[in-house]
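Hi,

Here is the structure I said I would pass on. Have a look at it first, and then read on for what turned up.

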Amino acid sequence: QLTVEDVQTWFTKFTKKIKENKGYLSDLDTPIGDGDHGNNMARGVNAYEESFEQKQPETISDTFQVFSMAMISKVGGASGPLYGSALMNMVKETKGIETIDSYEQLGSIIEQGLAGIKKRGKTEFEDKTMVDVWEPVAQSLKEGKLIKDQIEKAKEHTKDLIAKKGRASYLGERSKGHIDPGAASSALFFDALVEVIG
Ligand code: ADP
Ligand code: MG
Ligand code: MG
């Protein structure tokens, strides 16, 4: 069972991971993008922390809302509105609920987030984007488990793919052999979740 405090712990852990991995994420974005993904994400999580400190959200849905607004307004870059859409769908999916009670329910919430990214980005599975992490994670949760190894594998798999969306797609075949930065930040997002659900 996840309470509002657990969801907030999830985001606090994610914030910490983004700050620690800022350089790594921007480095991943250098060969196949413009080298700013770590900085973009760090701006987002800093904005989340600031709004959180100003007014602590009281429900799960409102916590997603604060996070979504921070990503949309502060990240810039392709990833901001994509994370923002995911989180916005998660706001809707959790309206009025006090706790998340099962893996299946959590899986459905993540699945709605995934649908937001796919719609906003016009993205499919294996286009070498964050979708390649979100989709298997949603699937695993719905099947009743999630471990870091699965997340790591999903992230690593983006290395083998040719980018079809975003800046990396300009490189065509040459995008192969590199991990997608958005898949890497999404892996941190779900690693933080695994640490909370145990
Ligand atoms: P920008 O490319 O504008 O500099 P970022 O570097 O912050 O933005 O984010 C790049 C990441 O965004 C990519 O690694 C990829 O995961 C994700 N991304 C880009 N375009 C799409 C899309 N259409 N659908 C899903 N994800 C995308
Ligand atoms: Mg970039
Ligand atoms: Mg950029």
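This is a predicted model: local features need pLDDT of at least 70, side-chain atom pairs count only at pLDDT 80 or more; totals for chains, interfaces and linings use all residues.

**The loop between H6 and H7**

With that convention, helix H6 covers 103-121 and helix H7 covers 131-142, and Lys 122 is found in the loop between them. Most residues other than glycine have a negative phi. Lys 122, though not a glycine, has a positive phi near 50°. Lys 128 is another such case, with a positive phi of about 65°, and it is found in the loop between H6 and H7 too.

Are these two lysines buried or exposed? Lys 122 counts as exposed because its relative accessibility is 64%. Lys 128 sits at 1% relative accessibility, so it counts as buried.

**The magnesium ions**

Which residue bridges the magnesium ion (ligand 2) and the magnesium ion (ligand 3)? That is Asp 34, and the two ions lie 3.5 Å apart.

Asp 29 has a relative accessible area of 8%, so it is buried, the cut-off being under 20%. Asp 34 counts as partly exposed because its relative accessibility is 37%. Asp 36, with a relative accessible area of 24%, is partly exposed.

**Ligand 1**

There are 19 residues around ligand 1, and those that come nearest are Asn 40, Ala 78, Ser 79, Thr 123 and Asp 180.

- Asn 40 places a polar side-chain atom 2.8 Å from an oxygen atom of ligand 1.
- Gly 121 has a backbone N or O atom 3.0 Å from a nitrogen atom of ligand 1.
- Thr 123 has an N or O atom in its side chain that is 2.5 Å from a nitrogen atom of ligand 1.

How much of ligand 1 does the protein bury? Taken alone, ligand 1 exposes 570 Å², and the protein buries 92% of that.

**Aromatic pairs**

A pair of aromatic rings is described by the distance of the centres and the angle of the planes. The count for this model comes to 16 aromatic pairs. In one of them, Phe 11 and Phe 67, the ring centres are 4.5 Å apart and the planes are at 25°, so the pair is stacked. Phe 11 belongs to helix H1 (residues 4-20) and Phe 67 to helix H4 (residues 60-74), so this pair ties together parts that are 56 residues apart in sequence. Phe 11 and Phe 67 are buried.

Phe 14 and Phe 189 make an edge-to-face pair, with 5.0 Å centre to centre and 75° between the planes. Here Phe 14 lies in helix H1 and Phe 189 in helix H9 (residues 181-197), so the pair ties together parts that are 175 residues apart in sequence.

**Two more residues**

Ser 85 lies in helix H5 (residues 79-93). It counts as buried because its relative accessibility is 14%. Neighbours within four places in sequence aside, Ser 85 is in contact with Gly 116 and Arg 120.

His 157 lies in helix H8 (residues 148-157). With a relative accessible area of 28%, His 157 is partly exposed. Between His 157 and Ala 192 there are 35 residues in sequence and 20 Å in space, C-alpha to C-alpha.

Cheers

Key. Residues are numbered from 1 along each chain as its sequence is written. Chains are lettered from A and ligands numbered from 1 in the order in which they are written. Side-chain values use heavy atoms; hydrogens and water are left out. Helices (H or I, at least four residues) and strands (E, at least two) are DSSP runs, numbered from the N terminus. Buried means under 20% relative accessible area, exposed over 50%, partly exposed in between (1.4 Å probe, protein chains only). Contact means heavy atoms within 4.5 Å. Rings of Phe, Tyr and Trp (its six-membered ring) pair if their centres lie within 6.5 Å; planes under 30 degrees apart count as stacked, over 60 as edge-to-face and the rest as tilted. Donors are N, O and S atoms within 2.8 Å of the metal (3.2 Å for Na, K and Ca); water is not among the atoms, so sites may look incomplete. A residue is near a molecule or strand if one of its heavy atoms lies within 4 Å of it. A polar contact is a pair of N or O atoms within 3.5 Å; within protein, one must be able to donate a hydrogen and the other to accept it, and residues adjacent in sequence count only if both atoms are side-chain atoms. Accessible areas come from the Shrake-Rupley method with a 1.4 Å probe; for residues, only the protein chains shown count as cover.
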